[in-house]
Amino acid sequence: MVISDWSRQTDGSWRSNAILPNGQTDLKLMVYGPQQIVFKWKLSAKNYYDYLRWSLDGVQRIEGRSGVVDYDWVTVTADIPIGRHEIEWSYSKKYDWNDYD
């Protein structure tokens, strides 16, 4: 499990800590199937500059970009096939000139 730059909240959820422009932080977990996983995610960030992605075994399944849609809590259900698999949440922040005015 890789959890650097993420913090566990009192409700059991994980939250990305602050990152610098052009930075990225990842949360990776190994899971074993077959099973079904359910998680919720929310993107609360600066319009058009921040991204949240979710991948299974390196294949991106979800991408949310701030400002495109209001991403309040979204529930995701995913079927994990038999065997060992890596799931990853990746949060990236793109450079915004307005941050340095």
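In the predicted model described here, F39 is buried, with a relative accessible area of 11%, where buried means under 20% relative accessible area, exposed over 50% and partly exposed in between, as calculated with a 1.4 Å probe on protein chains only. Leaving aside residues up to four places away in sequence, F39 touches W54, I62, V74, T75, V76 and W89, a contact being defined by heavy atoms within 4.5 Å. Residues are numbered from 1 along each chain as its sequence is written, and side-chain values use heavy atoms, with hydrogens and water left out. Since the model is predicted, local features need pLDDT of at least 70 and side-chain atom pairs count only at pLDDT 80 or more, whereas totals for chains, interfaces and linings use all residues.

A pair of aromatic rings is described by the distance of the centres and the angle of the planes. Rings of Phe, Tyr and Trp (its six-membered ring) are taken to pair if their centres lie within 6.5 Å, and planes under 30 degrees apart count as stacked, over 60 as edge-to-face and the rest as tilted. By this rule the count comes to 3 aromatic pairs. The rings of F39 and W54 have centres 5.2 Å apart and planes at 45 degrees, so this pair is tilted; because F39 lies in strand β3 and W54 in strand β4, the pair ties together parts that are 15 residues apart in sequence. Both F39 and W54 are buried. F39 and W89 form an edge-to-face pair, with 5.2 Å from centre to centre and 85 degrees between the planes. This second pair links distant parts of the chain, F39 being in strand β3 and W89 in strand β6, 50 residues apart. W89 counts as buried at 13% relative accessibility, and F39, W54 and W89 form one aromatic cluster.

With regard to the overall fold, the protein chain contains 0 helices and 6 strands, where helices (H or I, at least four residues) and strands (E, at least two) are DSSP runs numbered from the N terminus. Buried residues make up 36% of the 101 residues in the protein chain. Among contacts between residues at least 6 apart in sequence, 66% join residues at least 24 apart.

Strands of a sheet pair through backbone hydrogen bonds, either parallel or antiparallel. Here two strands are said to pair if DSSP finds at least two bridges between them. An open sheet is formed by 4 strands in the order β3-β6-β4-β5, with antiparallel pairing; its edge strands are β3 and β5 (59–65), each of which pairs on one side only. From one strand to the next, the twist averages 20 degrees. Antiparallel strands β3 and β6 are joined by 17 bridges, and the bridge partner of I37 in β6 is A78. Between β4 and β6, also antiparallel, there are 7 bridges, while β4 and β5 pair in the antiparallel sense over 6 bridges, with G64 in β5 as the bridge partner of L52. In the hairpin of β4 and β5, which has 2 residues between the strands, D57 takes a positive phi near 55 degrees.

Strand β4 is mostly covered, as 7 of its 7 residues are buried. D50, L52, W54 and L56 point one way from β4, and Y51, R53 and S55 point the other way. S92 counts as buried at 2% relative accessibility, and its side chain makes a polar contact of 3.2 Å with the side chain of R53. A polar contact is a pair of N or O atoms within 3.5 Å; within protein, one must be able to donate a hydrogen and the other to accept it, and residues adjacent in sequence count only if both atoms are side-chain atoms. Not counting residues up to four places away in sequence, S92 touches I19, G23, Q24, Y49, D50, Y51 and R53.

Notes: Axes fitted to C-alpha atoms, helices over the stretch in contact; angles between N-to-C directions.
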